[in-house]
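This briefing covers the strands of one model and how they pair. The sequence and structure come first, then the notes.

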Amino acid sequence: MTAPRQLLLTDLDLSRELLIVRRPGKRHIIYLDELTYRCASAWLHERHRLWPVTTNPHLLINRWTAVDTTLSPIGINTFSTVFRPTGLTMPTLRQDRIRDEAFEVDDPLHLMRLFGISSQTAMRYINAAHPERTAKLPR
């Protein structure tokens, strides 16, 4: 849950349709799907409309962090509050999104690029979504 809060404006490159997620010792390049691209673009427009002169370098800001850049990035409660009415958690929502994409696209490389997951994780999702692929393999 820390990674989204730490994203910087410079991590989002709409012209190349990608987002760089920095993690300790590595970075993931996430290639944006159409929906994510549209949401990110809309957020940048809204962010600029609400706080046109903010110097906060973080991608995700709120009314407090926009004006006081000494504050930490937006709090974890911001995300929790948004999803609380649904009964979902961020990890559950992400897993569901990956599972849904695996059902639609039988391509582990696509999952790896889109979600920044390992090849082993992508194959687990693909195999769960398409058990007929491995049912005929020798044990």
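Aspartate 13 stands opposite leucine 18 in E2. The model is predicted, so to speak of local features requires pLDDT of at least 70, side-chain atom pairs count only at pLDDT 80 or more, and totals for chains, interfaces and linings use all residues. Residues are numbered from 1 along each chain as its sequence is written, and side-chain values use heavy atoms, with hydrogens and water left out.

**Sheet**
- Three strands make an open sheet in the order E1-E2-E3, with antiparallel pairing; strands here are DSSP runs of E, at least two residues, numbered from the N terminus.
- E1 and E3 are the edge strands, each pairing on one side only.
- Two strands count as paired if DSSP finds at least two bridges between them.

**E1 and E2**
- E1 (residues 12-13) pairs with E2 (residues 18-23) in the antiparallel sense over two bridges.
- Their hairpin has four residues between the strands, and glutamate 17 takes a positive phi near 55° there.

**E2 and E3**
- E2 and E3 (residues 26-31) run antiparallel and are joined by six bridges.
- Within this pair, valine 21 stands opposite histidine 28 in E3.
- The hairpin of E2 and E3 has two residues between the strands, and glycine 25 in the turn has a positive phi of about 80°.
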